[in-house]
Amino acid sequence: MLSRTAENLYWMARHIERAENTARVLDVAHRTSLLPLDIEGTEAYLWYAPLNITGCAVSYTAKHGLARADAVTHYMALDPDNPASIYSCLRLARENARTVRGAITSEMWQVINDTWLELNRLPQQMDHEKFRDFFDWVKDRSHLFRGVTLGTILKDIGLSFIKLGTFLERADNTARILDVKYHILLPSVSDVGGAADYYQWGSLLKSVSAFEAYQRIYRDVISPLRVSELLIFRADMPRSLHACMDEVEAALLDINGFSGQEARRLAGEQHAALHFGRIEDAFGRGLHEYLTDFLKNTALLGREIRDAYLARRDRLLIR
Amino acid sequence: MNTKILKKYFNEMYSDNGAVRDIYQSYARWLKELPDGTLERRNAEAELLFRRLGITFAVYGETKNAERLIPFDIVPRIFGAAEWQRLEQGLKQRVRALNAFLHDIYHDQEIIKAGVISAHQVLDNKLYRPEMQGVDLPNQVYAHIAGIDLVRVAENDFYVLEDNLRTPSGVSYMLENRKTMMRLFPELFVQHTIEPVEHYPQMLLNTLREAAPANVTYPVIVVMTPGSYNSAYFEHAYLASQMGVELVEGQDLFVHQQKVYMHTTDGPQQVHVIYRRVDDDFIDPRVFLPDSTLGVPGLMDAYCSGNVALANGVGTGVADDKSTYLFVPEMIRFYLGEAPLLSNVPTWRLSEPEDLSYVLAHLPELVIKEVQGSGGYGMLVGPTSTQAEIAAYKQRILAEPAKFIAQPTLALSCCPTLVESGVAPRHVDLRPFVLSGKEVRIVPGGLTRVALNDGSLVVNSSQGGGTKDTWVLED
């Protein structure tokens, strides 16, 4: 497959997945903000979290100053000037798809194109309720795209690059969503394990569609340790780091090729750590530190994938 | 107004006495029985289909709404089997002669030696490529894909308006128009026996295979596009996917030891045939425009060494130039020893003083075109222009007369077309696509372009033109 085609498929998938996950992050924030937290500057402090975990805190502050619910939501959802907004992600996904229209099915193109056209018909200003509907819509479109992809595309190397992009992005995002809890600190130590704490972990589970799974597996009250275990180590939980790395590793093995050795090694190493790791050890080191390391390794793997498959490599001929 | 057009112009559907022409009988009956508002409803469906499929084109010089739909008209243009057959023979003949001409001028130049065409006309033409002199091409084919624009002025009177031998576009519209018509009006396809066009991509693929260097058994073929911002990008991607070949940009290719390779996820892979939709000027910065980023450094070297085929070949522009156009009937006589089956439009060359003075005196009646222009840009349609426009254009002519040709304003035939006020006649032309490999092939029909504005004679999509499905009925 043409390197540039692979690159576009990979980024198309990453951008769709990122749009979905940004909707999920904003969804947690909205759910959390419904809970009264009576401390000074609650709003700014609560809404700084989604900015921080998606890495757009600096650009937001430059444009809007203090974090406010409506401004942050708009900035992360609809602002065309924010390269990480849902709007920008869907635009970039469409641009990528448009460039490789021949490599995707016409149904896939139609979903992406329809999504973009519909997005542009939405009003620029939305109230709280409308935004919740919007997040659901973004998730629906992402689900639809994934379904159409799996239902129509040839199971060849192109699909492997789509999967690679999807699951690498999802792993990255699940780690970030889980990290929200680090950023949204509770007002005081006595609140740990209290109603607010319970509510926050619960909404985090809901944001990654894992609330029902949690109940079925643990049949018990929500505890930080178990939520983290579910979202990091459980291979049967579709958005967990372990499940994502299963897919990433499988996709890399399907793609194969002699230049991908280091990428396969890195993915294998990360996968093994998740396969054999224990939540107690992760907590022992500190969850935030654990997740930070994971994100660092994911970024490293992303760079290796770029160098091995997506970049131009004429030097290979002159071996 | 409409009745005036009916009298003045040949109408594809009605004869002069108002009776429906034979080949339209069945369609006209169907149209008459259609409940009110059905056409309009299906038309709205068609637009939605096209928008969803993203069949759009970009118009240069327009920043707003950069992606526009090319308007599709749901009333088909119909040819009978016999009239199409005559056209097909004429088209094949013309393209054979054009390829023979290109081979000749890049080799022995017999036609110049025979005095049929002047050395100045060929060798001083900006689109003549001296780099091609003596380069042998497989099957001696230069223009593998030719789009020949035809207009009709009477029942049996067709003219060739221009030959497009560089990177003719529009075939994807021909294919999508048919698909859309079959989806909107399945009943029409049951009632009529219509020659299929869907096999065009396969025909193109065969033609490209035949263009491959002789020693290659399984050629790797690619479509090369200037990129996703090109106005015809949709078509490039469409054809690549229909043929099952890679769609590449210049940046995906490189040349190593006179061979062309593409960057793949599994390392470099050699390429043997490039269906390039990039103009000569941009394909190789080492030979042509040095600052082109669309091309591949070293491509010409690989091409001239015979390691890669380009379709179309380099240097075809010298044959589709509007001043060379004049000589095509002579080429047919010279190379094939046959009488031309298709006529040329009478043309004045403004480089000739006599022609110039005639044309300057008759500007309001004539159509003036730039010799090397295309796409309907920069032309003057005398009868529909204001005095001020004509005066301004006159200044351009006087500055550089040799850059222009003039032709009489042709009475382009009309075809019923759905417009806001209902079904009304609008002017049409036809671009059939002629493929040349080991043999010459044409899918029946082609792309009918229609000038949607009342009275307009300009059918180009960039100038308010639309397209129609073109039917060739089987006997």
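Colleague: Among contacts in chain B between residues at least 6 apart in sequence, what share joins residues at least 24 apart?

Modeller: The share is 69%. Two residues are in contact here if their C-beta atoms, placed from the backbone, lie within 7 Å. This is a predicted model, in which local features need pLDDT of at least 70, side-chain atom pairs count only at pLDDT 80 or more, and totals for chains, interfaces and linings use all residues. Residues are numbered from 1 along each chain as its sequence is written, while chains are lettered from A and ligands numbered from 1 in the order in which they are written.

Colleague: Why is chain B called as compact as a globular protein of its length?

Modeller: The globule rule is 2.2 Å times the number of residues to the power 0.38, and the radius of gyration is taken over C-alpha atoms. For 475 residues the rule gives 23 Å, and chain B comes out close to that at 22 Å, so the description holds. Its C-alpha trace spans about 65 × 60 × 50 Å along the principal axes.

Colleague: And what makes up chain B in helices and strands?

Modeller: Chain B has 16 helices and 23 strands. Both are DSSP runs numbered from the N terminus: helices are H or I with at least four residues, strands E with at least two.

Colleague: Why is strand 18 of chain B called mostly covered?

Modeller: A residue is buried if 20 or more other C-beta atoms lie within 10 Å of its own, exposed if 12 or fewer, and partly exposed in between. In strand 18 (residues 414–419) of chain B, 5 of the 6 residues are buried. Over chain B, buried residues make up 45% of the 475.

Colleague: How do you know that strand 18 of chain B pairs with strand 19 of chain B?

Modeller: Pairing takes at least two bridges found by DSSP. Strand 18 of chain B and strand 19 (residues 422–431) of chain B share 6 bridges and run antiparallel, so by that cut-off they pair. They form a hairpin with 2 residues between them, and Val419(B) stands opposite Gly422(B).

Colleague: How is chain B divided into domains?

Modeller: Domain 1 covers 2–213 + 308–343 + 410–472 and domain 2 covers 346–408; the bounds come from an automatic or database domain assignment. Their C-alpha centres lie 24 Å apart, and 15 residues of domain 1 are in contact with 12 of domain 2.

Colleague: How many residues does each chain bring to the contact between chain A and chain B?

Modeller: Chain A brings 24 residues and chain B 21. Helix 6 of chain A gives the most on its side, with 5 residues.

Colleague: Where in chain B does the pLDDT stay under 50?

Modeller: One such stretch is residues 1–7 of chain B, with 8 contacts beyond four places in sequence. Residues 59–65 of chain B are also below 50. As the predictor's confidence in each residue, pLDDT runs from 0 to 100; where it is low, the predicted coordinates should not be read in detail. The mean for chain B is 90, and 94% of its residues reach 70 or more. The model scores ipTM 0.72 and pTM 0.80.
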